[in-house]
Amino acid sequence: MSNKAILCVDDERIVLVSLRDQITKHFGLRYRSEFAESVEEAWEVIEELDLDGVKILIIVCDWLMPGIRGDEFLIQVHQRFPEIITIMLTGQADEAAIERARQYADLHAYIPKPWSEATLVAAIESGLEKINV
């Protein structure tokens with residue numbers, strides 16, 4: 001199994017299933033795909049992968065989730081792991097949240113829901129190019 005991963009965080013299971021299908025189809029042979037239904041679960045996955053020596057390359061995260069907004073989560077991730085590429089996938093984010101994520105989490109891409117598979121794949125591919133993987 002690959003020691004490089006893409007993590008998706010969304011509180012809607014149906015969104016995670018769609019992301020899983022699309023990411024596995026395009027990147028499944030090269031990278032692990034990991035999924036979390038909450039920020040708390042995402043931190044658990046991040047810690048577990050870090051302990052196992054698996055490098056998270058990209059996080060695709062929803063904005064509107066219970067507990068903590070996606071922009072705040074991505075800012076926290078960026079502070080601890082500045083090399084991780086961040087992508088926000090949401091239909092709810094306001095412009096201020098997107099700008100905050102751009103400024104403080106080095107947001108690579110914002111993708112509005114509903115999204116197209118091509119847009120998601122292009123954002124992930126450009127993020128991977130950015131880190132020369």
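Tutor: Let's begin with a definition: buried means under 20% relative accessible area, exposed over 50%, and partly exposed in between, using a 1.4 Å probe and protein chains only. This is a predicted model, where local features need pLDDT of at least 70, side-chain atom pairs count only at pLDDT 80 or more, and totals for chains, interfaces and linings use all residues. Residues are numbered from 1 along each chain as its sequence is written, and side-chain values use heavy atoms, leaving out hydrogens and water.

Student: Why does Cys-8 count as buried?

Tutor: Cys-8 has 0% relative accessibility, so Cys-8 counts as buried. Cys-61 is buried too, because its relative accessible area is 1%.

Student: What makes α1 oblique to α5?

Tutor: Helix α1 (residues 13-27) and helix α5 (residues 117-130) pack at about 55°, with axes 11 Å apart. That angle makes α1 oblique to α5, because angles under 35 degrees count as roughly parallel, over 145 as roughly antiparallel, 65 to 115 as roughly perpendicular and the rest as oblique.

Student: Which residues of α1 meet α5?

Tutor: Leu-19, Gln-22, Ile-23, Lys-25, His-26 and Phe-27 do, where contact means heavy atoms within 4.5 Å. Their partners in α5 include Leu-120, Val-121 and Ile-124.

Note on methods
Axes fitted to C-alpha atoms, helices over the stretch in contact; angles between N-to-C directions. Helix = DSSP H or I, 4+ residues; strand = E, 2+ residues; numbered from the N terminus.
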